[in-house]
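Hi,

Here's the structure I promised to pass on.

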Amino acid sequence: MMHIENVIVVKDLTKMFGDFTAVNTITFKVKKGEIFGFLGANGAGKTTAMKMLIGISNPTSGEANVAGFDVFTNAEDIKKNIGYMSQKFALYDDLTVKENITFFGGIYGLSRKKIKEKTKKLIEDLGLQEVSNQLVGSLPLGWKQKISFSVSLLHEPKIVFLDEPTGGVDPITRRQFWEMIYQTANNGTTIFVTTHYMDEAEYCDRVSIMVDGKIEALDTPKNLKKQFDVESMNDVFLKLARG
Amino acid sequence: MSISVKHISKSYDDLKAVDDISFEVKEGELFGLIGPDGAGKTTLFRILTTLLIPDEGIATVASLDVLKDYKHIRHSVGYMPGRFSLYQDLTVEENLNFFAAIFGTSIEENYDLIKDIYVQIEPFKKRRAGKLSGGMKQKLALCCALIHKPKVLFLDEPTTGVDPVSRKEFWEMLKRLQQKGITILVSTPYMDEAALCDRIALIQDGKILKIDKPQEIVKTFPKTLYNVGADNMYQLIKSLKNYKYQYSVYPFGEFVHYTDNRSNFNPEDLKHYLESEKLTNIVIETTNPTIEDIFMELAK
């Protein structure tokens, strides 16, 4: 199959708040099954851009198509066809692992039968048999993050958006999390991820770096390092963002 | 000693947050507590800043006992908690004045200490703290923690969630404060920041795994570490994990960090194996362990 399917196509996408341009004519495409790193300094416009892509903020101008749907006219369809996980919004601490899965399965409109199947598989895959009836709030952060990621995939979305998914976790768990990401991407799901860990930027197929609302660099980590003549993605970032 | 911690323990119900921890921080030292969420870093900070009473053990800060002399300690230390702790509805200037007033001082009195940092946020001094960007909030919080010229500065995860550029600037500020004679205890989950401290303690699950200078700690790695690379990262990790001689396999930037459990390991053998797994563009070369490698080895 020579045809490459793009699951995110963005052209000149812009968002203004009053006379402040938070996102300034950004243009890029993301392929099916790709791990796409979306980097930038705090305040560079990443969150605003991501909100437009997941259909919860209206762009001021430009075009964007996500999972086959237009962000202007079909924002609701986008929400049904993507997964989203962030460090801030994850699972309900006062529900058990099983209850959380059932709840989110219901939100995504899965049938009872499907939810049952998915719950069983998720608990087996993550080895959570012992804790499936425990409150999520009582589990270590690393477990919560793995469950949260799996829950964001319940409805088999084409794309999953991960907003700083690994903040604060220990280095071993962080790597286990990335192995889950690799596996998911290998199964054809596109990963769109933001992170402040620059070694994680190296794990991405391609990386974009936003500076003051614009995408100032976009390429494979290898090519970016070559382009900026540095050893690591951290140095690429420092060179770009410091100007 | 600026900070002395002896056999400190603290439990919350069944959870042992800090488990028999001891360490010392010298005067003027920049000492790092390096570990993930839930390691016990914040509990330790709260004990040392007299906000929490330990179950067991003795601790002193600036030669003052955390239990008996808690009032004096509060005057002698600056504390920047992990969560943004300033008054969101007060402006930058009002926050700073407020903290100065509480400690019976004024912005002018210790201005030289905060000047470097304050000039960066001064253009926004009329802005409410809640409306500042993450990096700005962090700088304001640091100014407020310094306003009474503390002997010891406690910074609990000051750079968490902060981008690499702001992180780098923050560490440059800390180095300058250290030169002014302030002892600094800082915690971070970012292992790369460990190298910027004079000495570090690696901490996990309430226990200290190791204490030393960062450059000494990396020397203690018990194996030869290899960078292994190939075209398909996912397949590479999978194949390495299935290799019967593997001791550890951790993705690390563009490579996988690999150690072998044989004493007479020949990289050529691994290369042949990976070729038989249909991997292409295979690279195997020795590399230097980082603090993160040590941490993973100790936590294994």
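**What I found**

Starting with the interface: 30 residues of chain A are in contact with 29 residues of chain B, contact being C-beta atoms, placed from the backbone, within 7 Å. On the chain A side, helix 6 (171-186), helix 7 (198-201), helix 8 (221-228) and helix 9 (233-242) each supply at least two residues; helices (H or I, at least four residues) and strands (E, at least two) are DSSP runs, numbered from the N terminus. Helix 6 of chain A gives the most, with eight residues. That side splits into 14 nonpolar, eight polar and eight charged residues (nonpolar: Ala, Val, Leu, Ile, Met, Phe, Trp, Tyr, Cys and Pro; charged: Asp, Glu, Lys and Arg; polar: the others, Gly among them).

Before you go on: this is a predicted model, where local features need pLDDT of at least 70 and side-chain atom pairs count only at pLDDT 80 or more, while totals for chains, interfaces and linings use all residues. Residues are numbered from 1 along each chain as its sequence is written, with chains lettered from A and ligands numbered from 1 in the order in which they are written.

Ala67(A) has a positive phi of about 55° although it is not a glycine, and it sits in the loop between strand 4 (61-66) and strand 5 (69-70) of chain A. Glu157(B), also not a glycine, has a positive phi near 45°. Is Glu157(B) buried or exposed? It counts as buried because it has 22 C-beta neighbours inside 10 Å (buried means 20 or more other C-beta atoms within 10 Å, exposed 12 or fewer, partly exposed in between, with C-beta atoms placed from the backbone).

Cheers

Key: Contact = placed C-beta atoms within 7 Å.
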